[in-house]
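I opened the notebook to record what I looked up, entry by entry. The structure comes first, then my notes.

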Amino acid sequence: MKQLITLAVDIAATYRLTKLVMDDKITEDLRSKIYEKFPKDSKIAYFIGCPWCVSIWAGAVIFTLRKVNPAGADIVSGLLAASAATGVAYTRGL
């Protein structure tokens, strides 16, 4: 059961990290700099705008952290998952 909960938290953390890279205002300047440097049809620009692409790398970060530092992964994944749940609830008016 603990493994299923950990998996669910890591999935939510991957979702939140993906949203952070792709959509959040806080990373807008970084995305803009990438789009200025690389044309919109470049692979790098595509990578930043593709949720499937970003989520693979976000999941790899979470997975690697969990293997290298499980206690740290619990904290980071927990915070990201709580943020994801809060964001989804807020945008849906819950």
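**Entry 1: charge over a ring.** I count a charge as sitting over a ring if NZ of Lys or CZ of Arg is within 6 Å of the ring centre and within 35 degrees of the ring normal. With that rule I found K40 over the face of Y35, at 3.9 Å from the ring centre.

**Entry 2: ground rules.** I am working on a predicted model, where local features need pLDDT of at least 70, side-chain atom pairs count only at pLDDT 80 or more, and totals for chains, interfaces and linings use all residues. Residues are numbered from 1 along each chain as its sequence is written, and side-chain values use heavy atoms, with hydrogens and water left out.

**Entry 3: the chain as a whole.** I looked up secondary structure, taking helices (H or I, at least four residues) and strands (E, at least two) as DSSP runs numbered from the N terminus. The protein chain has five helices and zero strands. Its pattern along the sequence reads α-α-α-α-α. I then took the box along the principal axes: the C-alpha atoms fill roughly 45 × 35 × 20 Å.

Next I checked surface, with accessible areas from the Shrake-Rupley method and a 1.4 Å probe; for residues, only the protein chains shown count as cover. The accessible surface of the protein chain comes to about 6,900 Å². Carbon and sulfur atoms account for 69% of that surface. For burial I use under 20% relative accessible area as buried, over 50% as exposed, and partly exposed in between (1.4 Å probe, protein chains only). Of the 94 residues in the protein chain, 27% are buried.

For contacts I require heavy atoms within 4.5 Å. I looked at contacts between residues at least 6 apart in sequence, and 54% of these join residues at least 24 apart.

**Entry 4: salt bridges.** My rule is a side-chain nitrogen of Lys or Arg within 4 Å of a carboxyl oxygen of Asp or Glu. The count comes to five salt bridges.

I started with R66 and D10, whose side chains meet in a salt bridge at 2.8 Å, N to O. R66 lies in helix α4 (residues 51–68) and D10 in helix α1, so this pair ties together parts that are 56 residues apart in sequence. Both R66 and D10 are buried.

R66 counts as buried because its relative accessibility is 16%. D74 is at 43%, so D74 counts as partly exposed. Salt bridges with shared partners join D10, R66 and D74 into one network.

I also noted R16 with D24, where the closest N and O atoms are 2.6 Å apart. R16 has 17% relative accessibility and so counts as buried. D24 is buried too, with a relative accessible area of 18%.

**Entry 5: helix α1, residues 2–22.** I turned to T18, which lies in helix α1. T18 has a relative accessible area of 8%, so I log it as buried. Which residues does T18 contact, leaving aside neighbours within four places in sequence? The list is P51, V54, S55 and A58.

L17 is in helix α1 as well. Its relative accessible area is 17%, so L17 is buried. Not counting residues up to four places away in sequence, L17 touches A58, V61, I62 and L80. I also took the C-alpha separation of L17 and S55: 7.8 Å, for residues 38 apart along the chain.

I11 sits in helix α1, residues 2–22. Buried or exposed? I11 is exposed, because its relative accessibility is 52%.

**Entry 6: nonpolar patch.** I build patches from residues with over 30% relative accessible area and no salt bridge; like charges are joined within 9 Å, nonpolar side chains (Val, Leu, Ile, Met, Phe, Trp, Tyr) within 5 Å. M1, L4, I5, L7 and I11 make a nonpolar surface patch of about 580 Å².

**Entry 7: E36.** E36 lies in helix α2 (residues 28–37). Its relative accessibility is 67%, so E36 counts as exposed. I checked E36 against F47, eleven residues apart along the chain: their C-alpha atoms are separated by 14 Å.
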